[in-house]
Structures are given as structure tokens and as C-alpha cells.
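I opened this notebook to record, entry by entry, what I looked up in one structure.

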Amino acid sequence: TGICFVGVSIAAAARAVAWGLAAAANAVYTYVLRPIAVGFWTGICFVGSGIAAAARSVAHGLAAAANAVYTHVLRPIAVGVWTGICFVGVSIAAAARAVAWGLAAAANAVYTYVLRPIAVGFWTGICFV
């Protein structure tokens, strides 16, 4: 029975050491490793959300800048160019209309004061010779 007592005592001591090691491992996990991992993960999430917020802000800023450039630069330039093109077109049409009226008046004057009198004189000359 003495040997059994020693064996049982060693087994109990080994069991106590095992429970102690398990408790120590649980404590290291619960109070050291897990908080470090949670803190690390929280830090990564915090940095990631900060980067995402910064990227979102930059994207919104770029969109606002593009809208401002369109509204205050590109659209007024396009309207000005279109107005200029329309003005040039209207001016060319008015000039062409004036040239056409001038040519019509010149043709009428040539007919009235040159061709018709020549033809009448020629006709009169032929008929009364």
C-alpha cells in the first residue's frame, strides 16, 4: 500500500500540475493573448475605417470639384462657343442676304439702264431703218 500511496500521490500531483498549467494557459489566453488580438483587430478596423473615410472624403471632394468645373467653367464656355457660332451663322446669313439683295438690285439696274435700252435701241434701229 505504500507504493500505491506514492503512485496516487504522484498522480494527484501530476493532475494538480496539469490543472495548474491548464489554468495558467487559460489565464494567458484570457488576459494576455485575446486582449492583444482584440486590440490589434480593433486597431486594424479603426485604421481601415479611417482610410475608408478618408478615401470617401477624397472621392466626394473630387466629385464636387468636377461638378464645379462643369458648372462654372465648361458649361459657360460651351454656351459662349454656341452663342458665338450662332452669332457667326446669323451674321453670315445676314451678309449673304445683303449680297443677294445687292446682286438682285444690280441685275435689275443692269437690265433697266443697260440691257433694255440697248435692246430697245437695237429693236428700234432694226425696225425703223
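Predicted model: local features only at pLDDT ≥ 70, side-chain atom pairs only at ≥ 80, totals over all residues.

Entry on the surface. I found a nonpolar patch formed by V69, Y70, V73, L74, I77, V81, W82 and I85, which together have about 800 Å² of accessible area. I then checked where one of these residues sits, and I noted that I85 has its place in helix α1.

Entry on the overall form. How many helices and strands does the chain have? I counted 1 helix and 0 strands. Next I looked up the radius of gyration, which is 53 Å, whereas the globule rule gives 14 Å for 129 residues, so the chain is more spread out than a compact globule. I also noted the extent of the C-alpha trace along its principal axes, which is about 175 × 25 × 5 Å. When I asked what share of the 129 residues counts as buried, the value I found was 0%.

Entry on one position. I picked A98, whose place is in helix α1, and this helix covers residues 2-127. I recorded A98 as partly exposed, because its relative accessibility is 49% and the class called exposed begins over 50%.

Entry on the cysteines. I reminded myself that a disulfide is a covalent bond between the sulfur atoms of two cysteines. I looked for such bonds in the structure and found 0 disulfides. Are C45 and C86 buried, exposed or partly exposed? I noted that C45 is partly exposed at 36% relative accessibility, and that C86, with a relative accessible area of 32%, is partly exposed too.

Terms used:
Residues numbered from 1 in each chain as written. Heavy atoms only, no water. Helix = DSSP H or I, 4+ residues; strand = E, 2+ residues; numbered from the N terminus. Buried < 20%, exposed > 50% of the residue type's maximum accessible area, 1.4 Å probe, protein only. Rg over C-alpha atoms; globule rule 2.2 N^0.38 Å. Patch = residues over 30% accessible without salt bridge, like charges linked within 9 Å, V, L, I, M, F, W, Y side chains within 5 Å. Areas by Shrake-Rupley, 256 points an atom, 1.4 Å probe, with all protein chains shown as cover. Salt bridge = Lys/Arg side-chain N within 4 Å of Asp/Glu carboxyl O. Disulfide = S-S within 2.5 Å.
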